[in-house]
Amino acid sequence: MTNQSPPSFILLTDLHLSDTPDTAAHHALAWAVDAINEEQPDFLAIAGDVTTFGTQPATAHFLAKLKRVQIPVLFTPGNAELRSGEGLPLLGDWRTLANRNYQSDTLSALLPDTSTSALPAAERQWLEHMASAH
């Protein structure tokens, strides 16, 4: 029997970053990234509404901070990312299924995309498949 510690993670949600980088929310995110890199949990989960209006500048600021994270990152968008849609192209690969789940021997973490305020059939099927496979 192995004395393995349980998986650990940090969840960030509802950052609502604006286009202006010198705000309390942007400074809090910078602080959180430093703390995450120091703590080194198994992964970071980011569950939507990272921007206020889904604009390119706010999304770019968010991604610049995200590049500094030294652990695996899961991401699912929120409805705020769809408000203008400008930032969606910047999120690109971050919106893929591969970046919305974490699997270990003892944990299966799944972040469904509910940004449209619903759980689409494809998301339900993905969740069911992942839950039955683990």
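Student: In this predicted model, what makes Phe62 and Lys65 count as being in contact with Leu29?

Tutor: Contact asks for heavy atoms within 4.5 Å, and, leaving aside its neighbours within four places in sequence, Leu29 is in contact with Leu12, Leu15, Leu17, Phe62 and Lys65.

Student: Why is the set of residues that includes Leu29 called a nonpolar core?

Tutor: A nonpolar core is a set of buried residues of kinds such as Leu, Ile, Phe and Val, joined through side-chain atoms within 4.5 Å. The largest such core has 18 residues, and Leu29 is among those with the most contacts inside it, together with Leu12, Leu44, Ile46, Phe62, Leu66 and Val69. The elements that give two or more residues to this core are helix H1 (24-39), S2, helix H2 (56-66) and S3, and H1 gives the most, with 4 residues. Apart from it lies another core, of 6 residues, including Ala45, Leu74, Ala109 and Leu111.

Student: How do you know that the buried residues of H2 line one face of the helix?

Tutor: The buried residues of H2 are Ala58, Thr59, Phe62, Leu63 and Leu66. Seen down the axis of H2, these buried residues fall within an arc of 130 degrees, so they line one face of the helix. As for what they meet, the buried residues of H2 pack against H1, S2, S3 and helix H3 (88-91).

Student: Why is Thr76 called buried?

Tutor: Thr76, which has its place in strand S3 (residues 73-76), has a relative accessible area of 5%. Buried means under 20%, and therefore Thr76, with its value of 5%, is buried. Leaving aside its neighbours within four places in sequence, Thr76 is in contact with Ile46, Ala47, Gly48, Arg100, Leu111, Pro112 and Asp113.

Conventions:
Residues numbered from 1 in each chain as written. Predicted model: local features only at pLDDT ≥ 70, side-chain atom pairs only at ≥ 80, totals over all residues. Heavy atoms only, no water. Buried < 20%, exposed > 50% of the residue type's maximum accessible area, 1.4 Å probe, protein only. Arc of directions from axis to C-beta.
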